[in-house]
Amino acid sequence: MKGRAALSATVGLVVIGVVSANAEEKAAFAGNGDFRVGPDVAPGTYRTTGNTGGSCHWERSKDSGHGPASLIAEGDVTGTAVVTIGGEDAYFRTSGCGDWKKTG
């Protein structure tokens with residue numbers, strides 16, 4: 001009986017480890033939309049899941065205007081993109097990029 005209890009405890013730890021590893025793989029946010037920095041997306045470094053056709057467009061802006069005077073940085077990428085969203089950014093806009101995962 002003691003042998004079975006020890007085996008059950010060991011198996012339970014392995015399952016918990018697998019569930020925790022999978023939870024980290026979830027996307028931080030979807031690939032299309034305007035996101036407010038703070039309430040919608042936290043500052044940090046993000047990587048897209050990538051795209052195979054077309055272009056991934058992203059913008060970091062200091063307000064909701066998204067015009068040239070509002071832009072902090074922008075990019076167009078085919079494939080995977082890596083972007084660092086700063087605490088001074090107000091909005092992050094993304095289109096065609098796939099889901100974004102936080103890397104740092």
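Strands E5, E2 and E7 form, in that order, an open sheet of three strands with antiparallel pairing; strands here are DSSP runs of E of at least two residues, and helices are runs of H or I of at least four, numbered from the N terminus. Two strands count as paired if DSSP finds at least two bridges between them. The model is predicted, so local features need pLDDT of at least 70 and side-chain atom pairs count only at pLDDT 80 or more, while totals for chains, interfaces and linings use all residues. Residues are numbered from 1 along each chain as its sequence is written, and side-chain values use heavy atoms, with hydrogens and water left out.

- E2 and E5 run antiparallel and are joined by four bridges, and the bridge partner of Arg47 in E5 is Val82.
- E2 and E7 pair in the antiparallel sense over three bridges, and Thr48 has Trp100 as its bridge partner in E7.
- Buried means under 20% relative accessible area, exposed means over 50%, and partly exposed lies in between (1.4 Å probe, protein chains only).

**Thr48**

- Thr48 lies in strand E2, residues 44-48.
- Thr48 is buried, because its relative accessible area is 0%.
- Leaving aside neighbours within four places in sequence, Thr48 is in contact with Cys56, Gly79, Thr80, Ala81, Cys97, Asp99 and Trp100; contact means heavy atoms within 4.5 Å.

**The disulfide**

- The model has one disulfide, defined as a pair of cysteine sulfur atoms within 2.5 Å.
- This disulfide joins Cys56 to Cys97, with an S to S distance of 1.9 Å.
- The link of Cys56 and Cys97 is right-handed, with 85 degrees about the S-S bond.
- The pair links distant parts of the chain, 41 residues apart: Cys56 is in strand E3, and Cys97 is in the loop between strand E6 (91-95) and strand E7 (100-102).
- Cys56 is buried, with a relative accessible area of 0%, and Cys97 counts as buried at 0% relative accessibility.

**The four-stranded sheet**

- An open sheet of four strands has the order E1-E6-E3-E4 and antiparallel pairing.
- Its edge strands are E1 (33-36) and E4 (71-77), each of which pairs on one side only.
- The twist averages 10 degrees from one strand to the next.
- Strand E3 (residues 56-61) pairs with E4 in the antiparallel sense over six bridges, and His57 has Asp76 as its bridge partner in E4.

**Phe35**

- Phe35 lies in strand E1 and counts as buried at 13% relative accessibility.
- Phe35 and Ala90 are 55 residues apart in sequence and 8.6 Å apart in space, C-alpha to C-alpha.
- Not counting residues up to four places away in sequence, Phe35 touches Phe29, Ala30, Asp40, Val41, Ala90, Tyr91, Phe92 and Thr94.

**Nonpolar core**

- In soluble globular proteins, nonpolar side chains tend to be buried together.
- The largest nonpolar core has 13 residues, and those with the most contacts inside it are Phe29, Val41, Trp58, Ile85, Phe92 and Trp100. Such a core is a set of buried Ala, Val, Leu, Ile, Met, Phe, Trp, Tyr and Cys residues joined through side-chain atoms within 4.5 Å.
- E3 and strand E5 (82-85) each supply at least two residues of this core.
- Phe92 touches, among others beyond four places in sequence, Phe29, Phe35, Trp58, Val83, Ile85 and Trp100.

**Overall architecture**

- Of its 104 residues, 28% count as buried.
- Among contacts with a separation of 6 or more, 75% involve residues 24 or more positions apart.
- The accessible surface comes to about 6,300 Å², of which 56% belongs to carbon and sulfur atoms; areas come from the Shrake-Rupley method with a 1.4 Å probe, and for residues only the protein chains shown count as cover.

Conventions:
Axes are lines fitted to C-alpha atoms, for helices over the stretch in contact, and angles run from 0 to 180 degrees between N-to-C directions.
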